[in-house]
Amino acid sequence: TLRVGLIGFPVEHSLSPVFQQVALDALGIPARYELWPTPPAELQQRIAGLRAPGTVGANVTVPHKEAVAQLVDELAPRARRVGAVNTVIVRGQRLLGDNTDVPGFLFPLRERGLPLADLRVTLLGAGGAARAVIVALLDQGCRHLTIANRTPERARQLVAEFGIGHALTLGPELLTVLGETDLLVNATSLGWDGRASPIPLDWLGQLPPHAFVYDLTYRETPLLATARQLGRTALDGLEMLVAQGAESFRLWFEREPPFDLMLRAAQEARA
Ligand code: ATR
């Protein structure tokens, strides 16, 4: 039996084992997707352990994505640009680090036919999740980007590093920008608890009626609930989660996974 698993801390509530195992079983691949809870002190050992026979690779999640980028033998270009790895692929004795959050983020937007190059995007947050969003949007030719963050210095650093967009705080100067936003992305860590929001919820009323509000967490957040109430299109992170997993699956097994089956399994497991 082959093995693949999720490295993070904690990992217990992850949906990945559910939809990955569904895909493995549907294709008759003799492999198990396991949970590999890994405190930071054990990370190096865990990554080295991937070289054991029968291990195909791993997903990596909080808090290890940046650290693993330093521990693999080789980085895919997009993982290097993001500075974080969410997928490790075992190639012989070598470990390749990739970042499938990049295509995963784009998948639901493509599905809905959004003209990515022409979108005016406002990104809330400037951490690791935001970096994957920026790399994804840049690759689509998107140039109209505002990065708003509680700590504006971090947003300014991203603007300088990627040479795109302009930086703001989460303060009222954002209001005018929202009026000219086609896609608002929440890449802050606020909202998954169902309570917090990075910006006052009534600000969403500034968005044009056609605007999308995309929250990278796969739970219903106050931001999404309000967007929907106000008649905007709300998009949670569940499709992104499954899409990044499907891309990881392709890299590990070089087979096309049954996406719809995986998404349905994830939806049922979340409910
Ligand atoms: P991740 O890898 O998930 O992006 P991160 O790198 O810790 O995690 O980034 C968290 C993001 O959420 C940051 O943009 C952070 O803002 P700061 O850069 O100012 O820290 C944002 N964030 C976290 N808590 C927040 C809060 N209470 N209010 C506003 N933004 C917050």
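**The sheet and its helices**

Modeller: In this predicted model, six strands form an open sheet with parallel pairing, in the order β9-β8-β7-β10-β11-β12. Strands here are DSSP E runs of at least two residues and helices are H or I runs of at least four, numbered from the N terminus.

Colleague: Why is one side of β9 and of β12 left without a neighbour in the sheet?

Modeller: β9 (166-168) and β12 (233-235) stand at the edges with a single partner strand each, so one side of each has no neighbour in the sheet. Neighbouring strands of the sheet are turned against each other by 20° on average, direction ignored.

Colleague: How do you know that β7 and β8 pair?

Modeller: Pairing requires that DSSP finds at least two bridges between two strands. Strand β7 (residues 120-124) and strand β8 (residues 144-148) have five bridges, in the parallel sense, so they count as paired. Leu123 stands opposite Ile147 in β8.

Colleague: Which strands does α6 touch?

Modeller: α6 packs on the sheet and touches β7, β8 and β10 (183-186), and its direction makes about 165° with that of β7. Axes are lines fitted to C-alpha atoms, for helices over the stretch in contact, and angles between N-to-C directions run from 0 to 180 degrees. Contact means that C-beta atoms, placed from the backbone, lie within 7 Å. Helix α7 (residues 152-162) lies across β8 and β9 and runs at about 175° to β9.

**The annotated sites**

Modeller: Residues are numbered from 1 along each chain as its sequence is written. Because the model is predicted, local features need pLDDT of at least 70 and side-chain atom pairs count only at pLDDT 80 or more, while totals for chains, interfaces and linings use all residues.

Colleague: Which residues does UniProt list under "binding site"?

Modeller: The unreviewed entry places this feature at Ser14, Leu15, Ser16, Thr61, Asn86, Asp101, Tyr218 and Gln244. UniProt positions follow the numbering used here, feature names are shortened, and annotations may be inferred rather than shown by experiment.

Colleague: What makes Gln244 buried?

Modeller: A residue is buried if 20 or more other C-beta atoms lie within 10 Å of its own, exposed if 12 or fewer, and partly exposed in between. Gln244 has 24 C-beta neighbours inside 10 Å and therefore counts as buried. Gln244 is placed in helix α10 and, leaving aside neighbours within four places in sequence, is in contact with Asn86, Thr100, Asp101 and Gly104.

Colleague: Why is Thr61 called partly exposed?

Modeller: Thr61 has 18 C-beta neighbours inside 10 Å, so partly exposed is the class that applies. Thr61 lies in the loop between β3 (55-60) and α3 (65-69). Not counting residues up to four places away in sequence, Thr61 touches Leu6, Gly8, Val11 and Asn86.

Colleague: Which residues of α5 are buried?

Modeller: In helix α5 (residues 101-111), they are Asp101, Val102, Pro103, Gly104, Phe105 and Leu109. These buried residues pack against α4 (77-82), α6 and α10 (238-253). Just after α5, Gly113 takes a positive phi of about 70°.

**The ligand shell**

Colleague: How many residues surround the ligand?

Modeller: The shell holds 15 residues, and Gly127, Gly128, Arg150, Thr151 and Thr188 are the closest. Helix α6 (residues 128-139) supplies the largest share of the shell, three residues.

Note on methods
Near = placed C-beta within 6 Å. Contact = placed C-beta atoms within 7 Å.
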